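Good morning, and thank you for the time. Please turn to the display.

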Amino acid sequence: MIPGAFDYHRPTTLAEATGLLAEHGDAARVLAGGHSLIPMMKLRMAAPEHLIDLAAIEALRGIALGTEIRIGAMVTQAELIAHEGLAAACPILREAALQIADPQVRYVGTVGGNVANGDPGNDMPGLMQCLGARYALTGPDGSREVAARDFYHSAYVTERAEDEILTAILIPHPAPGTGYAYEKQKRKIGDYATAAAAVMVGRSAASIAMTNLADRPIWSQAAGAALASGDVAGAVAAALSEIDPSDDNRGPAEFKRHVAGVILKRAIERARARAA
Amino acid sequence: MNEMTPNQSERAEKLKGLGSSRKRVEDVRFTQGKGNYVDDIKLPGMLFGDFVRSPYAHARVVSIDADAAKALPGVVAVLTAADLAPLGLHWMPTLAGDKQMVLADGKVLFQGQEVAFVVATDRYAAADAVELIEVEYEELPVVTDPFKALEPGAPVLREDLAGKTEGAHGPRRHHNHIFTWEQGDKDATEQVLSGADVVAEEMIYYHRTHPCPLETCGCVASMDKVAGKLTVWGTFQAPHAVRTVASLISGIAEHNIRIISPDIGGGFGNKVGVYPGYICSIVASIVTGKPVKWVEDRMENLMATAFARDYWMKGRIAATKDGKITGLWCHVTADHGGFDACADPTKFPAGFFNICTGSYDIPVAYLAVDGVYTNKAPGGVAYRCSFRVTEAAYFIERMIEVLAIKLGMDAAELRRVNFIRKDQFPYHSALGWEYDSGDYHTAWDKALAAVGYEDLRAEQADRIEAFRRGETRKLMGIGLTFFTEIVGAGPVKNCDILGLGMFDSCEIRIHPTGSAIARLGTISQGQGHATTFAQILASEIGLPADDITIEEGDTDTAPYGLGTYGSRSTPVAGAATAMAGRKIRAKAQMIAAYLLEVHDDDVEWDVDRFVVKGAPERFKTMKEIAFAAYNQAIPGLEPGLEAVSYYDPPNMTYPFGAYVCVVDVDVDTGVTDIRRFYALDDCGTRINPMIIEGQVHGGLTEALAIAMGQEIAYDEMGNVKTGTLMDFFVPTAWETPHYETDWTTTPSPHHPIGAKGVGESPNVGGVPCFSNAVNDAFRAFGHVHAHMPHDHWRVWKIAHDLGLHG
């Protein structure tokens with residue numbers, strides 16, 4: 001549990017950070033909250049020679065509620081939970097964040113790190129797909145936006161180029177009266193989901209995404225469409241047809257598939273009950 | 001006496017003796033981060049050790065190339081078996097009469113086995129060097145299933161034992177067989193079984209788990225070559241035994257070895273054994289002349305240092321039609337891993353598993369245990385229990401439930417009709433133990449009344465009906481357990497470890513101003529000895545507990561003792577403390593009589609003083625007596641006031657308890673919710689009720705962990721699947737239910753203060769209680785038994801196999 005040697009950088013501007021990333025290439029990794037990267041380094045499964053800590057870059061902080069919701073990449077889960085305006089504008093974010101890890105981890109773990117890492121166990125990627133979020137990326141050639149629904153290719157493989165930094169998450173305001181629920185089954189506090197589901201349901205629209213049931217988050221267009229038309233059984237069936245869980249210590253795929261259906265149905269019921 | 005003189009009860013209260021919920025004196029430093037653990041010890045020039053460990057469960061070690069590692073700046077030495085062999089230290093004896101490789105000698109037998117030891121100037125250099133050591137392995141067939149290990153063509157694990165048909169515990173009948181241990185009357189038991197009205201039969205597996213103390217194992221070894229003295233600070237639950245073993249292994253004279261156990265962050269049996277890290281650190285310190293620190297990380301702790309349980313228990317229990325148990329038969333296949341490193345008293349290769357007749361008057365019983373080698377880590381320690389007692393309690397408490405199902409009888413009533421009656425104590429069990437005292441019916445009735453047992457069963461019946469009508473998807477389980485522990489090892493006549501009798505000790509020095517220090521052969525790992533042993537003494541010698549320092553863990557100062565595990569501290573060292581206190585009091589009586597100018601027999605003890613019989617206004621307090629011991633020339637008495645006692649207990653103690661658990665089970669997800677847990681413990685005389693409650697909470701939480709998810713699991717290749725706390729379940733406050741604690745008090749008749757020990761009872765009773773609750777939830781649907789741990793998917797599988805998912 002002792003990492004290899006590395007140099008530590010603490011840039012104060014985004015330009016400085018992207019410059020370091022360009023300079024060191026493959027040998028560098030950016031550090032957000034570190035709750036995925038540091039354990040990987042301690043296990044020597046990751047051995048970056050340069051660690052670029054984003055903690056001192058002010059531009060990556062803050063939550064803004066404008067025409068859309070903007071969450072800086074270095075906003076911690078705890079800051080997200082504590083933000084009353086955000087909880088009013090998009091309450092599913094707080095509900096989901098409270099089911100991630102434990103308070104100590106949430107004080108340090110960031111939303112940006114959670115979505116950028118591409119870990120299929122993380123909760124925020126599926127949630128962001130459900131909400132139709134976009135990620136702002138900045139690299140040496142400038143900035144661009146990528147939809148969360150297009151971002152994840154497979155475990156730890158994302159649309160982000162190696163010289164890019166994810167700087168913010170942009171979320172459209174949910175339509176008034178949209179019901180929501182984030183339902184997660186886990187073995188214990190701090191665990192990844194055995195199965196988790198994010199559901200948003202409004203008058204004529206719905207969105208459904210699932211977590212840790214494939215090598216990437218699963219947003220099911222067909223499931224959302226079915227739910228929008230009021231077909232709960234169809235929505236569940238559609239979502240289950242797109243997941244591909246694997247056996248692990250949480251249980252075999254057969255069990256996870258069954259639990260996924262139960263969890264999703266419960267999320268739908270809760271979201272519908274909250275819809276105005 | 002005048003109005004200002006405090007009365008007896010006020011004076012007793014001031015002492016904070018037996019029965020006082022005195023706050024823990026240890027917590028002042030722990031809550032301020034001022035504890036001093038092994039990893040806090042820093043010595044000038046200290047080096048750091050780290051292990052190269054085997055990635056394979058069974059392989060031949062073809063070659064080890066350490067050249068690149070040795071060339072790395074900061075690396076001082078790399079040790080392999082070839083370096084230790086000339087010293088005869090490449091293997092070491094185990095506590096179970098087997099031997100174990102210190103570093104891989106030609107082959108490895110489990111994943112995580114120690115292969116080479118790197119010594120470097122800092123931890124980072126050591127870890128870098130570990131990466132650079134090239135070990136060439138030739139993989140061998142792996143066997144992780146103890147039943148397959150005993151098949152004729154199974155891989156040979158222990159080539160060093162080739163041709164040895166006699167082991168430490170009798171004949172070996174197969175190359176992977178370690179011992180067979182038989183107890184009881186086989187023929188009589190089989191006769192009863194063949195003629196019984198009813199026989200219930202079940203295979204009950206108590207899975208492999210791990211004590212996982214918050215602080216992992218480690219040590220700092222420091223060889224002073226000038227003085228010729230070796231000092232080792234370590235996470236040792238038995239420092240004196242470590243000193244003796246270290247002397248025997250190393251050849252260093254015992255007076256030149258000093259073992260110090262500083263603060264220990266939990267042991268739970270994990271820190272009883274001797275590990276390769278200790279040997280390598282000592283050798284490295286001798287070789288380099290510098291102190292060497294080795295502290296394992298969490299993954300190493302889970303993979304390589306002592307596991308617990310892993311018992312396959314086949315049971316048959318016979319009864320009459322109306323539920324009177326007539327006989328019990330049990331065969332255990334015990335998976336010991338690659339080496340037999342079980343921590344049991346030497347004559348008991350399966351510990352005290354023969355307590356498996358439990359709390360019941362079972363006229364005849366037979367037990368056989370077969371120990372087996374597999375490609376798993378060695379260990380088999382008593383994880384928060386006396387030796388193999390939790391396995392025994394789990395076995396009998398599951399068998400009772402299985403029998404109740406077979407009889408169609410209420411499990412509470414089945415227990416009641418079979419309990420050993422109060423008037424049967426001291427009770428001689430069919431498997432050879434003498435239970436000291438008990439009042440099981442009173443405890444059981446109190447427990448069932450406290451939880452409203454009849455109402456719970458009615459609610460459960462209603463729930464089942466509602467479930468069948470489709471109104472709920474949650475079932476309700478009621479877990480019952482009545483357990484009897486056997487702790488306080490133990491009488492020297494039958495209990496020893498490597499020939500060291502399992503007595504314990506206390507040495508007391510009373511200072512002139514009436515305060516005191518007492519040193520014991522035990523060592524606290526969180527039990528609160530500094531608090532509770534001072535309370536025993538306060539009641540014995542009449543000095544306030546706050547004025548008594550308790551010191552343990554330094555073999556240069558403490559009297560010889562066998563350490564702390566198996567709930568033995570209070571039964572054995574606690575008894576020694578009381579007996580030493582009584583020696584102090586006997587001398588104090590003579591001093592008081594001299595000072596009061598009366599005959600010794602004319603004074604009597606009164607809480608904190610001796611008073612002249614019939615003249616209560618004439619007295620000398622212990623404080624006055626202490627001073628007199630140091631400033632008066634008393635004819636016929638030596639100056640000073642000190643005493644030492646070595647206590648060899650006449651018998652074990654037998655704490656017991658009645659537990660009830662209520663669980664709601666979500667049939668569709670396997671999620672369980674412990675709605676209620678009631679724990680009645682009878683640990684004899686209660687020393688500190690607050691500490692007892694804390695012990696019960698802690699033990700129940702470890703029981704919850706084991707029953708509901710905590711396991712060391714292997715795949716077929718012998719890879720550890722649960723090597724981190726992501727997968728190895730350690731409950732936090734979030735997973736821990738509320739506990740209701742209660743008690744009855746049945747003192748031990750042979751213990752000086754009647755205390756029996758409590759630290760491990762809640763684990764012994766808790767595991768079957770949680771498990772019984774989960775199994776009970778499905779009883780109405782024809783379910784009989786499912787193995788632990790009852791994690792979500794395994795609970796879901798019970799429901800699935802019963803067809804409850806439609």
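A salt bridge, as the term is used here, is a side-chain nitrogen of Lys or Arg within 4 Å of a carboxyl oxygen of Asp or Glu. Please bear in mind that this is a predicted model. In it, the side chains of A:Arg44 and B:Asp128 form such a salt bridge, at 2.7 Å from N to O. Across the interface of chain A and chain B, the rule finds three salt bridges. Helix H12 of chain A, residues 253-274, gives the most to the side of chain A that touches chain B, namely six residues. That side divides into 10 nonpolar, six polar and eight charged residues.

Let me turn to the extent of the interface. In contact are 24 residues of chain A and 27 residues of chain B. Between them the two chains bury about 2200 Å², with 60% of it on carbon and sulfur atoms. Within chain A, the most area is lost to chain B by A:Arg44, A:Lys188 and A:Asn249, which together account for 27% of what that side buries. Polar contacts between chain A and chain B number 16 residue pairs, counted where both residues are at pLDDT 80 or more.

I come now to the single residue. Where is B:Thr564 placed? B:Thr564 lies in the loop of chain B between strand S28 (548-552) and helix H16 (569-596). Is B:Thr564 buried or exposed? Its relative accessible area is 3%, and because buried means under 20%, B:Thr564 counts as buried. Its side chain makes a polar contact with the side chain of B:Ser569, at 2.9 Å. Beyond four places away in sequence, B:Thr564 touches residues including B:Gln237, B:Thr522 and B:His529.

How values were computed
Residues numbered from 1 in each chain as written. Chains lettered and ligands numbered in written order. Predicted model: local features only at pLDDT ≥ 70, side-chain atom pairs only at ≥ 80, totals over all residues. Heavy atoms only, no water. Helix = DSSP H or I, 4+ residues; strand = E, 2+ residues; numbered from the N terminus. Buried < 20%, exposed > 50% of the residue type's maximum accessible area, 1.4 Å probe, protein only. Polar contact = N/O pair within 3.5 Å; in protein donor to acceptor, adjacent residues only side chain to side chain. Contact = heavy atoms within 4.5 Å. Buried area = accessible area lost by both parts, 1.4 Å probe. Nonpolar A, V, L, I, M, F, W, Y, C, P; charged D, E, K, R; others polar.
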